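This report describes a ligand site and selected local features of the structure shown below.

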Amino acid sequence: MEKIVSLCKRRGFIFQSSEIYGGVEAFWDYGPLGAILKNNIKNEWLKTFIQKRNDIVLIDTPVIMHPKTWEASGHIQNFTDPLIECKKCNARFRADYMKDGNFVGQGKAKEKNQCVQCGGKDFTEAKQFNLMFKTFLGSVEDDAHQAFLRPETAQAMFTDFVLAQESMRMKIPFGIAQIGHSFRNEITTGNFIFRSREFEQAEIEYFVKPGNDEKAFEEWVTIWENFIINLGVKKENLRRYEHKKESLSHYSKRTIDIEYKYPFGWSELTGIANRTNYDLSQHSKFSGKELSYFDEENKEKYVPYVIEPSLGIDRLLLALLTDAFDEIKGGRTETTESVKEEEIVLRLDKKIAPIKVAVLPLVKNKENIVKKAKEVYQLLKPYFMIQYDEVGSIGRRYRRQDEIGTPFAITVDFETLEKEDVTLRDRDTMKQERIKIRDLANVLKERLES
Ligand code: GAP
């Protein structure tokens, strides 16, 4: 994990948020490459579930909703973690991470029998702590103006159910989807971007006829798992965990988590829940508006059931980085240089790699080579996320691109000047082949899509 965190900082993927002020716990900034990587992941999700299917529509809604939303959804009442406090130093921990007097949870609360901050052994009784961040709407800071930052994106898919269904003339079964930021005032943080206080979720609320929910649930578990695998998470690092009745969320009839083997152990990557008609019924009750569906063909009206696959984009990104991270002791033997130190190759899937192609002049002190390399760079720039690099030896520059997962590197050399061709190097096989400059865009397009 330390190596991944260090690579992320060094190469501009992820930084501690507000680092110059000492950081804010459990908030992270995506740097120049991390931001592109994250967008690529989200775009793949949109392509898979919105573009390629015709039964799911996308919405994009504010992080603050009408405060009644959270009364209806049950979050004010139930979205809590049990909290204990060290009587000596007032440090707070999640009580459910304590078992038989030992801290068994993640992050800081790992030490045994005593407070990790001061060594104290006396704790308060557990009390329920609501994880929703509070704020106020307008200039008056009283209870009547209190609002919450959403802890999940899902609720807008319920409150907009009729609007989305009618405007798009959707027929059940159909889904409403959203990607967006969610906020939770987590008590126990740590493990890099795994548990943050602000994170991104990609969620689908898939509405089905009651009675068809169990089959749809099974289908979604497989669809969801395949999506993750297709992006590059190794199958052997995934497993399913079925929640026991007593640990189900207040809205759920059945939940399966897909867990990933993170460097710190198996933990939830994503979950699929059968939310029944709980949310639509609750919002109907609290708003006084009917939230049902009329089946024209069978002339029947019902409140649909909901299957919800929900994915934390940051957790997926961490899993993808972990599985892509390949450290080669002693380096790979490639160029004439002997690179003896460890080499890192980030074997990200081409679909999500932030930079697709690097253009490298073989040497930087030959004007005509540099000029040609810049021409090639300009030629390809409209089509791909691309980098130009002339600093350091060619071997070093390949390594730098390998570390950020760039699938292809183009080298402009002396032969280029005569033959109008370049070498194209593959990140994983390190094979190099000569390609005519005029064919480059098409060849790259083909290979990036294959
Ligand atoms: N709408 C259902 C829902 O929010 P959840 O299991 O609480 O269910 C769904 O969250 C997903 O959101 C999780 O599987 C995880 O990927 C992600 N997630 C939840 N809390 C998170 C946190 N503090 N930091 C990063 N990701 C988180």
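A side-chain N or O atom of arginine 275 lies 3.4 Å from a nitrogen atom of the ligand; pairs of N or O atoms within 3.5 Å count as polar contacts. For glutamate 308, the distance from a side-chain N or O atom to a ligand nitrogen is 2.8 Å. Glutamate 268 places a polar side-chain atom 2.5 Å from an oxygen atom of the ligand. Of the 560 Å² of accessible area that the ligand has on its own (Shrake-Rupley method, 1.4 Å probe), the protein covers 90%.

The model is predicted: local features require pLDDT of at least 70 and side-chain atom pairs pLDDT 80 or more, while totals for chains, interfaces and linings use all residues. Residues are numbered from 1 along each chain as its sequence is written, and side-chain values use heavy atoms, with hydrogens and water left out.

## The shell around the ligand

The shell holds 20 residues, of which Glu152, Glu186, Glu203, Glu268 and Leu269 come nearest; a residue belongs to it if one of its heavy atoms lies within 4 Å of the ligand.

At least two shell residues come from each of strands S12 (198-208), S15 (265-276) and S18 (305-312). Strand S15 provides the largest share, five residues. Strands are DSSP runs of E with at least two residues, and helices are runs of H or I with at least four, numbered from the N terminus.

## Aromatic pairs

The whole structure contains 20 aromatic pairs, defined by ring centres of Phe, Tyr and Trp (its six-membered ring) within 6.5 Å; planes under 30 degrees apart count as stacked, over 60 as edge-to-face and the rest as tilted.

## Backbone features in loops

The isoleucine 172 to proline 173 peptide bond is cis, with omega near 5 degrees. Proline 173 is in the loop between helix H6 (161-167) and strand S11 (174-183).

Methods:
Polar contact = N/O pair within 3.5 Å; in protein donor to acceptor, adjacent residues only side chain to side chain.
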